[in-house]
Amino acid sequence: MEETNMRNFAKHIIYMSNEVNGVTNLELQKIMYFSIGEYIVDNGIDEYIEELYDENLVAWKYGASVPRIYTRYRMHGSLVIKISGEYFDFFKPMEKYVVKFLEKDVLEMLEDNRKRPHWQENRRKIAYGRREVIYTLEDIAKDFDVSVDK
C-alpha cells in the first residue's frame, strides 16, 4: 500500500500518543481532522497543509475519517492502537495541535465534529451510509469558521 502524507501523519500521531495513554482508531481520526482544522485557523490553506492533505477525510456516522487509515487500524477495535508509530520531521508544525487534541475526550470531539457545517449539511447522506461525502480543505476551513477566498 502506497504511503501518503496523511497515512504518515497517522503514524506520527500514534508515535506521539504513545508518550501519553495511546490512541484509539476513533481518536486518531478525530485528532487528524481537528489538528488540520486548527492549523488552518492559524495559517490558512497554505502549501504545507495542501501537501499534507493528500488523502481526503470523509464524513461518516462517527465523524470525519480517512477510510484507508481507518481500515488499516480497525483490527484494534475500540482499544488503543498497539503499534509504535513513527516520527517524521515533516509533521513538526502539526505537533502542537496533536498534543492539544490528544488531551481531549473522544466523545466530545465526535459531538463537536457532528455540529460543524459540513457534517450537518450532509447528515442525511451520512445517515443513509453514503461514503462519498468528502472534506476538501475548504470544507474544513468553513467548519472552523475560516473564510476561504477562491
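1. Y97 touches S35, E38, Y39, D42 and N43, leaving aside residues up to four places away in sequence; contact here means heavy atoms within 4.5 Å. This is a predicted model, where local features need pLDDT of at least 70, side-chain atom pairs count only at pLDDT 80 or more, and totals for chains, interfaces and linings use all residues. Residues are numbered from 1 along each chain as its sequence is written, and side-chain values use heavy atoms, with hydrogens and water left out.

2. Y97 sits in helix α5 (helices are DSSP runs of H or I, at least four residues, and strands are runs of E, at least two, numbered from the N terminus). Its relative accessibility is 5%, so Y97 counts as buried. Buried means under 20% relative accessible area, exposed over 50%, and partly exposed in between, with a 1.4 Å probe and protein chains only.

3. Staying with α5: E95, Y97, V98 and F101 are buried there. Looking down the axis of α5, these buried residues fall within an arc of 160 degrees, so they line one face of the helix; the arc is taken from the directions from the helix axis to the C-beta atoms. The cover over them includes α1, α2 and α6.

4. Of its 42 residues, M6, F9, I36 and I140 touch the most other members. α2 gives the most to this core, with eight residues. As for I36, its contacts are M6, F9, I49, L52, Y53, M94, L137 and I140, again not counting residues up to four places away in sequence.

5. The second largest pocket holds about 220 Å³ of space. Its lining has 15 residues, and V20, N21, G22, L102 and E103 are the closest to the pocket centre. (A pocket is an open set of points on a 1 Å grid over the protein atoms alone, where a 1.4 Å probe fits, with protein on both sides within 12 Å along at least five of seven lines; lining residues have an atom within 4 Å of a point. The volume is the space filled by probe spheres set on the points, which are joined across faces, edges and corners.) α5 turns up here too, giving the most to the lining, with three residues.

6. Last, R114 in helix α6 (residues 106-115). At 18% relative accessibility, R114 counts as buried. R114 touches K61, Y62, W119 and Q120, not counting residues up to four places away in sequence.

Technical notes
Core = buried A, V, L, I, M, F, W, Y, C linked by side-chain atoms within 4.5 Å.
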